[in-house]
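Trainee: Please take a close look at one part of this model and describe its surroundings in a connected way.

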Amino acid sequence: MKIISLGGLEVSRIGLGAMSMSAYYTGAGSDDAESIRAIHRALDLGVTHIDTAEVYGPFTNEELVGRAVKGRRDEVVLATKFGGGISHSGREGAGLDSSPANIRIAVEGSLKRLGTDHIDLYYQHRVDPGTPIEDTVGALADLVTAGKVRHIGLSEAGPATIRRAHAVHPIAALQSEYSLWTRDPEAEILPLLRELGIGFVPYSPLGHGFLTGQIRSMDELADDDWRTTNPRFTGENFQRNLRILDQVEAVATEANATPAQIALAWLLAQGDDIAPIPGTKRVARVEENTAADTIKLTSEQLERLNNLTPAAGDRHDDFGMSVIDR
């Protein structure tokens, strides 16, 4: 597996997102043993970058990851997040709490659940409009000085926030949604990150599973699966978006690959500063996803993928879009 740098932090260029092992998706939390096997298989295949967050579960996903990496901590770049819907500081209405007081409490909980004395990459999960980003990053910089955090990250932050944050302390990585059906970062975010030397970690690089080709009907999703309320998976949008999948599958057939591998190979072709974290809880999917590291798309295939039919519908529901910094 090729290793790349995220603002000075070396990671495998394909990582593993752990969220679906514990929360939000059909079958989440149903088989921790299989999830741990998936993490172990990822490590065996050269994946070093494991991503979680305190809000996944909440808390149970960090505990799961902590159990999985026990005895193998030196093989892993551990990334987790605070401020994504949980406030420990007692501030009312502060689910996105990124106050210094909250950060000091949150990091101790994550360290304990992960079973480690340091977090390699600690993200602000969503920008907190109630706390100046300078105060948030200042508190994170204190954690770096204390040795509890090695590198700082932001998630779904807009250009102005990124600049202000980076002026306080170097930001190693931005984590935001980016895939064949979510191209938003290309206009402003990617050029800015490259100007500042910040790496990019695309989450949901497989379109929340849509780009795998495994979901052709909403009947395949459980009632509590969050995608049942996602605009791209509902109503006429779902049927329209199947046209995107058809185009990806055509390239996959040519390349003797799966649609998921094509989606990941396209992302990897966008630059050596991009490290997607496809999420899964299955060993077979880990093996499929990591094999994308070996796929080389032709210039003609890349051109076709670059010009896919745009996705129909917002990438999150109204609340999800409201907490994205733009």
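Mentor: A helix here is a DSSP run of H or I with at least four residues, numbered from the N terminus. In this predicted model, helix H2 spans residues 60-69, and asparagine 61 belongs to that run. Asparagine 61 has a relative accessible area of 0%; buried means under 20%, so asparagine 61 is classed as buried. With neighbours within four places in sequence set aside, the residues in contact with asparagine 61 are Ala18, Met19, Met21, Ser22, Thr52 and Tyr56. For one of these, serine 22, there is also a polar contact, made between its side chain and that of asparagine 61 at 2.8 Å. Aspartate 51 lies 10 residues from asparagine 61 along the chain, and their C-alpha atoms are 9.8 Å apart.

With the same exclusion of sequence neighbours, serine 35 is in contact with Met21, Leu64 and Lys281. Serine 35 has a relative accessibility of 1% and therefore counts as buried too.

Next comes the sheet. It is open and has seven strands in the order E3-E4-E5-E6-E7-E8-E9, with parallel pairing. Its edges are strand E3 (16-17) and strand E9 (199-203), each of which pairs on one side only. Within the sheet, strand E5 (residues 77-82) and strand E6 (residues 119-124) are joined in the parallel sense by four bridges. Phenylalanine 82 is placed opposite glutamine 124 of E6.

Terms used. Residues numbered from 1 in each chain as written. Predicted model: local features only at pLDDT ≥ 70, side-chain atom pairs only at ≥ 80, totals over all residues. Heavy atoms only, no water. Buried < 20%, exposed > 50% of the residue type's maximum accessible area, 1.4 Å probe, protein only. Contact = heavy atoms within 4.5 Å. Pairing = 2+ DSSP bridges. Helix = DSSP H or I, 4+ residues; strand = E, 2+ residues; numbered from the N terminus. Polar contact = N/O pair within 3.5 Å; in protein donor to acceptor, adjacent residues only side chain to side chain.
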